[in-house]
Amino acid sequence: EWKKRVHPDDLEAARAAIQAYLSGERPTYEIEHRLRHKDGSYRWICARGVVARDEDGRPIRFVGSHADITERKTIEHDLLRRDAIFAAVTYAAERFLGTATWEERVPDVLARLGHAMDVSRVYVFENYRADDGALWTTNTHEWVAPGVTSQIDDPRYHALAYDPDGFGRFLDIFQRGETAQGHIRDVPHGERVVIEAKGTRSYVLVPIFVDGAWWGIIGFDECTRERDFSELECDALRAAADTLGAAIGRARAGQAAARLAAIVESSDDAIIGMALNGVITSWNPGAERLFGYTTAEALGQSIAILLPPVGLARMPAALAQIARGDYYALYETERLRKDGSHVAVSVSISPVRDVSGNLIGTSSIYRDVTERRRIEQDLHRRDAIFAAVTFAAEQFLRGGTTWEDAAEVVLARLG
(Lines give C-alpha, C1' and ligand atoms only; values in the text may rest on other atoms or scores of the structure.)
Protein backbone atom coordinates (compact mmCIF):
# COMPACT_ATOMS: atom_id res chain seq x y z
CA GLU A 1 0.00 0.00 0.00
CA TRP A 2 2.78 2.44 0.90
CA LYS A 3 4.55 1.87 -2.41
CA LYS A 4 1.38 2.69 -4.34
CA ARG A 5 0.91 5.99 -2.55
CA VAL A 6 4.46 7.33 -2.91
CA HIS A 7 4.95 9.51 -5.99
CA PRO A 8 6.65 7.42 -8.70
CA ASP A 9 9.46 9.98 -9.05
CA ASP A 10 10.22 9.75 -5.30
CA LEU A 11 9.84 6.02 -4.68
CA GLU A 12 13.41 4.97 -5.40
CA ALA A 13 14.89 7.68 -3.11
CA ALA A 14 12.43 6.74 -0.29
CA ARG A 15 13.36 3.07 -0.56
CA ALA A 16 17.06 3.89 -0.52
CA ALA A 17 16.67 6.04 2.59
CA ILE A 18 14.88 3.24 4.45
CA GLN A 19 17.46 0.68 3.40
CA ALA A 20 20.35 2.92 4.44
CA TYR A 21 18.78 3.38 7.90
CA LEU A 22 18.01 -0.30 8.41
CA SER A 23 21.52 -1.35 7.35
CA GLY A 24 23.10 1.14 9.75
CA GLU A 25 24.57 3.36 7.02
CA ARG A 26 22.50 6.26 8.37
CA PRO A 27 21.80 6.86 12.05
CA THR A 28 18.31 8.22 11.43
CA TYR A 29 15.51 7.89 8.93
CA GLU A 30 14.23 11.19 7.61
CA ILE A 31 13.22 12.01 4.05
CA GLU A 32 10.95 14.41 2.19
CA HIS A 33 8.80 13.02 -0.60
CA ARG A 34 5.34 13.24 -2.13
CA LEU A 35 2.52 11.01 -0.95
CA ARG A 36 -0.86 10.56 -2.60
CA HIS A 37 -3.79 11.94 -0.61
CA LYS A 38 -7.22 10.33 -0.39
CA ASP A 39 -8.55 12.91 -2.87
CA GLY A 40 -5.97 11.80 -5.44
CA SER A 41 -3.64 14.80 -5.14
CA TYR A 42 -0.07 14.54 -3.95
CA ARG A 43 1.12 16.20 -0.75
CA TRP A 44 4.68 16.78 0.34
CA ILE A 45 5.54 15.08 3.63
CA CYS A 46 8.54 14.88 5.90
CA ALA A 47 8.80 11.21 6.93
CA ARG A 48 10.69 10.33 10.12
CA GLY A 49 10.97 6.93 11.73
CA VAL A 50 12.72 4.59 14.12
CA VAL A 51 12.91 0.84 13.96
CA ALA A 52 12.18 -1.54 16.84
CA ARG A 53 14.47 -4.59 16.92
CA ASP A 54 14.33 -7.96 18.66
CA GLU A 55 16.94 -9.23 21.08
CA ASP A 56 19.01 -10.43 18.16
CA GLY A 57 19.00 -6.95 16.57
CA ARG A 58 16.63 -7.84 13.80
CA PRO A 59 14.08 -5.15 12.80
CA ILE A 60 10.58 -6.16 13.80
CA ARG A 61 8.62 -2.92 13.67
CA PHE A 62 9.00 0.45 12.02
CA VAL A 63 7.40 3.39 13.84
CA GLY A 64 7.31 6.81 12.25
CA SER A 65 5.46 10.04 11.56
CA HIS A 66 4.46 12.06 8.56
CA ALA A 67 4.38 15.87 8.68
CA ASP A 68 2.58 17.70 5.89
CA ILE A 69 5.13 20.18 4.46
CA THR A 70 3.24 20.94 1.25
CA GLU A 71 2.93 24.65 2.02
CA ARG A 72 6.62 24.98 2.82
CA LYS A 73 7.66 23.08 -0.31
CA THR A 74 5.29 25.19 -2.41
CA ILE A 75 6.83 28.38 -1.07
CA GLU A 76 10.34 27.01 -1.64
CA HIS A 77 9.39 26.01 -5.16
CA ASP A 78 7.83 29.42 -5.85
CA LEU A 79 10.89 31.22 -4.50
CA LEU A 80 13.18 29.13 -6.70
CA ARG A 81 10.92 29.80 -9.70
CA ARG A 82 10.81 33.52 -8.87
CA ASP A 83 14.61 33.64 -8.60
CA ALA A 84 14.91 31.88 -11.96
CA ILE A 85 12.53 34.41 -13.52
CA PHE A 86 14.45 37.32 -12.03
CA ALA A 87 17.67 35.83 -13.40
CA ALA A 88 15.99 35.74 -16.81
CA VAL A 89 14.82 39.33 -16.32
CA THR A 90 18.37 40.40 -15.47
CA TYR A 91 19.58 38.60 -18.58
CA ALA A 92 16.89 40.39 -20.60
CA ALA A 93 17.89 43.79 -19.25
CA GLU A 94 21.53 43.17 -20.16
CA ARG A 95 20.60 42.07 -23.67
CA PHE A 96 18.22 44.96 -24.26
CA LEU A 97 20.80 47.48 -23.07
CA GLY A 98 23.29 46.07 -25.55
CA THR A 99 21.20 46.84 -28.61
CA ALA A 100 19.22 49.72 -30.03
CA THR A 101 16.51 47.45 -31.48
CA TRP A 102 14.71 45.42 -28.82
CA GLU A 103 13.06 43.16 -31.43
CA GLU A 104 16.29 41.34 -32.27
CA ARG A 105 16.74 40.26 -28.62
CA VAL A 106 13.15 39.21 -27.92
CA PRO A 107 13.38 35.57 -29.15
CA ASP A 108 16.30 34.84 -26.84
CA VAL A 109 14.65 36.64 -23.92
CA LEU A 110 11.33 34.80 -24.37
CA ALA A 111 13.19 31.48 -24.43
CA ARG A 112 14.90 32.33 -21.13
CA LEU A 113 11.59 33.28 -19.54
CA GLY A 114 9.92 30.14 -20.90
CA HIS A 115 12.57 27.87 -19.38
CA ALA A 116 12.54 29.78 -16.10
CA MET A 117 8.74 29.52 -15.85
CA ASP A 118 8.71 25.92 -17.14
CA VAL A 119 5.78 26.71 -19.43
CA SER A 120 4.76 25.58 -22.89
CA ARG A 121 4.57 28.91 -24.67
CA VAL A 122 5.61 32.57 -24.19
CA TYR A 123 4.35 35.29 -26.51
CA VAL A 124 4.00 39.03 -27.01
CA PHE A 125 0.93 40.84 -28.35
CA GLU A 126 1.06 44.48 -29.44
CA ASN A 127 -2.02 46.72 -29.43
CA TYR A 128 -3.08 48.84 -32.39
CA ARG A 129 -6.01 50.98 -33.46
CA ALA A 130 -8.12 50.11 -36.49
CA ASP A 131 -9.30 52.77 -38.93
CA ASP A 132 -12.57 53.10 -36.99
CA GLY A 133 -10.68 53.67 -33.72
CA ALA A 134 -11.40 50.20 -32.28
CA LEU A 135 -8.61 48.61 -30.21
CA TRP A 136 -7.10 45.38 -31.54
CA THR A 137 -4.01 43.35 -30.73
CA THR A 138 -1.64 41.20 -32.78
CA ASN A 139 0.84 38.43 -31.99
CA THR A 140 4.34 39.74 -32.80
CA HIS A 141 6.75 37.36 -31.02
CA GLU A 142 6.65 33.83 -29.64
CA TRP A 143 8.67 31.01 -28.06
CA VAL A 144 7.37 27.45 -27.72
CA ALA A 145 8.72 24.42 -25.87
CA PRO A 146 9.57 21.30 -27.89
CA GLY A 147 6.46 19.53 -29.10
CA VAL A 148 4.17 22.54 -28.58
CA THR A 149 2.26 23.98 -31.53
CA SER A 150 3.29 27.46 -32.61
CA GLN A 151 0.53 30.06 -32.96
CA ILE A 152 2.40 33.01 -34.45
CA ASP A 153 1.68 32.06 -38.07
CA ASP A 154 -2.01 31.49 -37.40
CA PRO A 155 -3.93 34.46 -38.91
CA ARG A 156 -6.48 34.29 -36.08
CA TYR A 157 -3.85 35.69 -33.72
CA HIS A 158 -2.86 38.52 -36.04
CA ALA A 159 -6.02 40.48 -35.27
CA LEU A 160 -7.86 39.94 -31.98
CA ALA A 161 -10.43 42.51 -30.97
CA TYR A 162 -10.97 43.89 -27.48
CA ASP A 163 -14.73 43.85 -27.87
CA PRO A 164 -17.65 42.26 -25.96
CA ASP A 165 -17.59 39.21 -28.24
CA GLY A 166 -13.85 38.73 -27.92
CA PHE A 167 -11.45 39.80 -25.22
CA GLY A 168 -13.20 42.94 -24.03
CA ARG A 169 -13.28 41.83 -20.37
CA PHE A 170 -9.49 42.17 -20.23
CA LEU A 171 -9.52 45.87 -21.12
CA ASP A 172 -10.07 47.25 -17.63
CA ILE A 173 -7.80 44.61 -16.08
CA PHE A 174 -4.83 45.43 -18.28
CA GLN A 175 -5.36 49.19 -18.24
CA ARG A 176 -5.19 49.03 -14.43
CA GLY A 177 -1.87 47.22 -14.74
CA GLU A 178 -3.19 43.94 -13.32
CA THR A 179 -2.38 40.42 -14.45
CA ALA A 180 -4.99 37.93 -15.64
CA GLN A 181 -4.71 34.18 -15.19
CA GLY A 182 -7.00 31.17 -15.32
CA HIS A 183 -7.91 27.84 -16.82
CA ILE A 184 -9.47 27.43 -20.24
CA ARG A 185 -12.44 25.50 -18.81
CA ASP A 186 -13.48 28.68 -16.97
CA VAL A 187 -13.23 31.27 -19.75
CA PRO A 188 -16.26 32.55 -21.72
CA HIS A 189 -17.16 30.73 -24.93
CA GLY A 190 -16.05 33.59 -27.22
CA GLU A 191 -12.53 33.45 -25.83
CA ARG A 192 -12.39 29.68 -25.44
CA VAL A 193 -12.88 29.04 -29.16
CA VAL A 194 -9.73 31.02 -29.93
CA ILE A 195 -7.59 29.87 -27.00
CA GLU A 196 -8.44 26.16 -27.16
CA ALA A 197 -7.27 26.11 -30.75
CA LYS A 198 -3.68 26.53 -29.56
CA GLY A 199 -3.91 23.75 -26.96
CA THR A 200 -3.69 25.99 -23.90
CA ARG A 201 -5.01 24.65 -20.57
CA SER A 202 -3.85 27.44 -18.23
CA TYR A 203 -2.50 30.91 -18.86
CA VAL A 204 -1.22 34.11 -17.25
CA LEU A 205 -1.25 37.44 -19.09
CA VAL A 206 0.75 40.47 -17.96
CA PRO A 207 0.25 43.97 -19.42
CA ILE A 208 3.21 45.85 -20.89
CA PHE A 209 3.35 49.61 -20.43
CA VAL A 210 5.57 51.91 -22.49
CA ASP A 211 6.06 55.49 -21.29
CA GLY A 212 3.02 55.14 -19.05
CA ALA A 213 0.66 53.91 -21.80
CA TRP A 214 -0.64 50.35 -22.15
CA TRP A 215 1.23 48.90 -25.13
CA GLY A 216 0.31 45.19 -25.16
CA ILE A 217 0.81 41.98 -23.16
CA ILE A 218 3.30 39.22 -22.53
CA GLY A 219 1.57 35.86 -22.06
CA PHE A 220 2.54 32.45 -20.67
CA ASP A 221 0.63 29.27 -21.59
CA GLU A 222 0.69 25.82 -20.03
CA CYS A 223 -0.50 23.18 -22.46
CA THR A 224 0.33 19.93 -20.64
CA ARG A 225 -1.73 20.37 -17.45
CA GLU A 226 -3.80 22.84 -15.49
CA ARG A 227 -1.62 25.12 -13.41
CA ASP A 228 -2.11 27.93 -10.91
CA PHE A 229 0.58 30.61 -11.11
CA SER A 230 1.65 31.84 -7.67
CA GLU A 231 1.75 35.48 -6.61
CA LEU A 232 5.53 35.25 -6.32
CA GLU A 233 5.70 34.09 -9.94
CA CYS A 234 3.33 36.85 -11.06
CA ASP A 235 5.46 39.47 -9.27
CA ALA A 236 8.49 38.28 -11.19
CA LEU A 237 6.54 38.25 -14.45
CA ARG A 238 5.50 41.87 -13.86
CA ALA A 239 9.19 42.69 -13.56
CA ALA A 240 9.74 40.95 -16.89
CA ALA A 241 6.94 42.99 -18.49
CA ASP A 242 8.38 46.20 -17.01
CA THR A 243 11.81 45.36 -18.44
CA LEU A 244 10.35 44.72 -21.88
CA GLY A 245 8.34 47.95 -21.70
CA ALA A 246 11.45 49.90 -20.72
CA ALA A 247 13.36 48.39 -23.65
CA ILE A 248 10.60 49.36 -26.09
CA GLY A 249 10.49 52.88 -24.62
CA ARG A 250 14.26 53.17 -24.86
CA ALA A 251 14.16 52.07 -28.50
CA ARG A 252 11.43 54.61 -29.22
CA ALA A 253 13.46 57.35 -27.59
CA GLY A 254 16.50 56.28 -29.59
CA GLN A 255 14.51 56.35 -32.81
CA ALA A 256 13.14 59.79 -31.97
CA ALA A 257 16.63 61.00 -31.12
CA ALA A 258 17.96 59.57 -34.40
CA ARG A 259 15.21 61.32 -36.35
CA LEU A 260 15.93 64.56 -34.52
CA ALA A 261 19.65 64.20 -35.16
CA ALA A 262 18.96 63.60 -38.86
CA ILE A 263 16.81 66.72 -39.00
CA VAL A 264 19.49 68.77 -37.25
CA GLU A 265 22.25 67.42 -39.49
CA SER A 266 20.33 68.04 -42.71
CA SER A 267 18.94 71.45 -41.78
CA ASP A 268 19.98 74.45 -43.87
CA ASP A 269 19.71 76.56 -40.72
CA ALA A 270 22.43 76.84 -38.12
CA ILE A 271 21.42 74.94 -34.98
CA ILE A 272 23.63 75.62 -31.98
CA GLY A 273 23.47 74.17 -28.46
CA MET A 274 24.75 76.33 -25.62
CA ALA A 275 25.26 75.72 -21.90
CA LEU A 276 24.11 78.29 -19.37
CA ASN A 277 27.65 79.68 -19.13
CA GLY A 278 27.67 80.47 -22.85
CA VAL A 279 29.85 77.54 -23.96
CA ILE A 280 28.91 75.96 -27.30
CA THR A 281 27.87 72.31 -26.81
CA SER A 282 26.59 71.38 -30.29
CA TRP A 283 27.18 72.73 -33.80
CA ASN A 284 25.53 71.36 -36.92
CA PRO A 285 26.67 71.53 -40.58
CA GLY A 286 24.31 74.46 -41.14
CA ALA A 287 26.27 76.41 -38.51
CA GLU A 288 29.51 75.53 -40.29
CA ARG A 289 28.16 76.93 -43.54
CA LEU A 290 26.68 80.08 -42.01
CA PHE A 291 29.50 81.11 -39.67
CA GLY A 292 32.57 79.42 -41.21
CA TYR A 293 33.78 77.56 -38.10
CA THR A 294 34.06 73.77 -38.26
CA THR A 295 32.45 71.70 -35.52
CA ALA A 296 35.86 70.95 -34.01
CA GLU A 297 36.68 74.67 -33.93
CA ALA A 298 33.35 75.73 -32.40
CA LEU A 299 32.69 73.10 -29.72
CA GLY A 300 33.88 74.22 -26.30
CA GLN A 301 34.24 77.84 -27.42
CA SER A 302 32.21 80.71 -25.98
CA ILE A 303 29.25 81.93 -27.99
CA ALA A 304 31.12 85.27 -27.87
CA ILE A 305 32.98 84.25 -31.05
CA LEU A 306 29.78 85.08 -32.94
CA LEU A 307 28.96 88.36 -31.22
CA PRO A 308 29.71 91.84 -32.58
CA PRO A 309 30.82 94.52 -30.05
CA VAL A 310 27.26 95.47 -29.12
CA GLY A 311 26.40 91.82 -28.43
CA LEU A 312 29.56 91.32 -26.37
CA ALA A 313 28.67 94.26 -24.17
CA ARG A 314 25.30 92.79 -23.21
CA MET A 315 26.38 89.12 -23.10
CA PRO A 316 26.60 88.84 -19.24
CA ALA A 317 23.09 90.24 -18.84
CA ALA A 318 21.78 87.99 -21.62
CA LEU A 319 23.26 84.84 -19.99
CA ALA A 320 21.75 85.79 -16.64
CA GLN A 321 18.42 86.30 -18.37
CA ILE A 322 18.60 82.86 -19.98
CA ALA A 323 19.51 81.24 -16.65
CA ARG A 324 16.31 82.70 -15.19
CA GLY A 325 14.36 81.09 -18.01
CA ASP A 326 13.60 84.46 -19.59
CA TYR A 327 14.59 84.67 -23.24
CA TYR A 328 13.35 85.95 -26.58
CA ALA A 329 11.47 83.35 -28.61
CA LEU A 330 12.30 84.97 -31.97
CA TYR A 331 14.20 88.10 -32.94
CA GLU A 332 16.52 89.46 -35.64
CA THR A 333 20.05 90.66 -35.07
CA GLU A 334 23.57 90.49 -36.53
CA ARG A 335 26.31 87.97 -35.88
CA LEU A 336 29.97 87.65 -36.87
CA ARG A 337 31.40 85.09 -39.24
CA LYS A 338 34.83 83.56 -38.81
CA ASP A 339 36.20 85.95 -41.46
CA GLY A 340 34.94 88.94 -39.47
CA SER A 341 32.07 89.82 -41.78
CA HIS A 342 28.60 90.54 -40.40
CA VAL A 343 25.57 88.44 -41.26
CA ALA A 344 21.94 89.31 -40.58
CA VAL A 345 20.13 86.45 -38.85
CA SER A 346 16.81 85.60 -37.24
CA VAL A 347 17.27 83.78 -33.93
CA SER A 348 14.85 81.33 -32.28
CA ILE A 349 15.81 80.12 -28.80
CA SER A 350 14.39 77.03 -27.05
CA PRO A 351 15.19 75.78 -23.54
CA VAL A 352 17.07 72.52 -22.98
CA ARG A 353 16.18 70.69 -19.76
CA ASP A 354 17.45 67.54 -18.05
CA VAL A 355 15.25 64.59 -17.08
CA SER A 356 14.27 66.37 -13.85
CA GLY A 357 13.08 69.44 -15.72
CA ASN A 358 16.02 71.64 -14.74
CA LEU A 359 17.18 74.19 -17.32
CA ILE A 360 20.69 73.24 -18.47
CA GLY A 361 21.09 75.27 -21.65
CA THR A 362 19.50 76.40 -24.87
CA SER A 363 19.15 75.31 -28.46
CA SER A 364 19.16 78.19 -30.94
CA ILE A 365 18.24 78.23 -34.61
CA TYR A 366 19.97 80.89 -36.72
CA ARG A 367 18.63 81.66 -40.18
CA ASP A 368 20.43 83.87 -42.67
CA VAL A 369 18.02 86.71 -43.52
CA THR A 370 20.48 88.69 -45.68
CA GLU A 371 18.68 87.90 -48.92
CA ARG A 372 15.29 88.51 -47.41
CA ARG A 373 16.41 91.91 -46.13
CA ARG A 374 17.81 92.79 -49.57
CA ILE A 375 14.50 91.87 -51.19
CA GLU A 376 12.62 93.91 -48.58
CA GLN A 377 14.87 96.91 -49.28
CA ASP A 378 14.29 96.52 -53.01
CA LEU A 379 10.55 96.38 -52.44
CA HIS A 380 10.68 99.47 -50.22
CA ARG A 381 12.66 101.32 -52.90
CA ARG A 382 10.25 100.23 -55.60
CA ASP A 383 7.32 101.44 -53.51
CA ALA A 384 9.08 104.76 -52.92
CA ILE A 385 9.69 105.20 -56.66
CA PHE A 386 6.10 104.34 -57.45
CA ALA A 387 4.82 106.81 -54.83
CA ALA A 388 7.12 109.62 -56.10
CA VAL A 389 6.21 109.08 -59.76
CA THR A 390 2.52 108.93 -58.87
CA PHE A 391 2.75 112.19 -56.92
CA ALA A 392 4.67 114.00 -59.72
CA ALA A 393 2.23 112.73 -62.36
CA GLU A 394 -0.73 113.99 -60.38
CA GLN A 395 0.89 117.41 -60.00
CA PHE A 396 1.75 117.61 -63.70
CA LEU A 397 -1.71 116.52 -64.84
CA ARG A 398 -3.36 119.13 -62.64
CA GLY A 399 -1.23 121.76 -64.31
CA GLY A 400 0.45 122.73 -61.13
CA THR A 401 3.94 122.13 -62.47
CA THR A 402 6.01 121.55 -65.58
CA TRP A 403 7.32 118.12 -66.42
CA GLU A 404 10.85 119.33 -65.59
CA ASP A 405 9.68 120.35 -62.11
CA ALA A 406 7.84 117.03 -61.74
CA ALA A 407 11.06 115.16 -62.55
CA GLU A 408 12.88 117.22 -59.94
CA VAL A 409 10.24 116.24 -57.38
CA VAL A 410 10.75 112.55 -58.19
CA LEU A 411 14.52 112.82 -57.85
CA ALA A 412 14.20 114.77 -54.61
CA ARG A 413 11.88 112.13 -53.10
CA LEU A 414 14.18 109.33 -54.07
CA GLY A 415 17.14 111.14 -52.45
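This note walks through some of the salt bridges in the predicted model above.

1. A word on the ground rules. In this predicted model, local features need pLDDT of at least 70 and side-chain atom pairs count only at pLDDT 80 or more, while totals for chains, interfaces and linings use all residues. Residues are numbered from 1 along each chain as its sequence is written, and side-chain values use heavy atoms, with hydrogens and water left out.

2. Side chains of opposite charge can pair when their charged atoms come close. The structure holds 24 salt bridges (a side-chain nitrogen of Lys or Arg within 4 Å of a carboxyl oxygen of Asp or Glu).

3. Start with aspartate 10 and arginine 34, whose closest N and O atoms are 2.9 Å apart. Aspartate 10 sits in helix H2 (residues 8-22) and arginine 34 in strand E1 (residues 29-36), so this pair ties together parts 24 residues apart in sequence. Helices (H or I, at least four residues) and strands (E, at least two) are DSSP runs, numbered from the N terminus.

4. Is aspartate 10 buried or exposed? Aspartate 10 is buried, at 10% relative accessible area, whereas arginine 34 is partly exposed at 22%. Here buried means under 20% relative accessible area, exposed over 50%, and partly exposed in between (1.4 Å probe, protein chains only).

5. Next, look at aspartate 269 and arginine 367, with closest N and O atoms 2.6 Å apart. Aspartate 269 lies in the loop between helix H7 (231-266) and strand E10 (270-275), and arginine 367 in strand E14 (residues 359-368), so the pair ties together parts 98 residues apart in sequence.

6. Finally, find the network of salt bridges that links Glu222, Arg225, Arg227 and Glu233.
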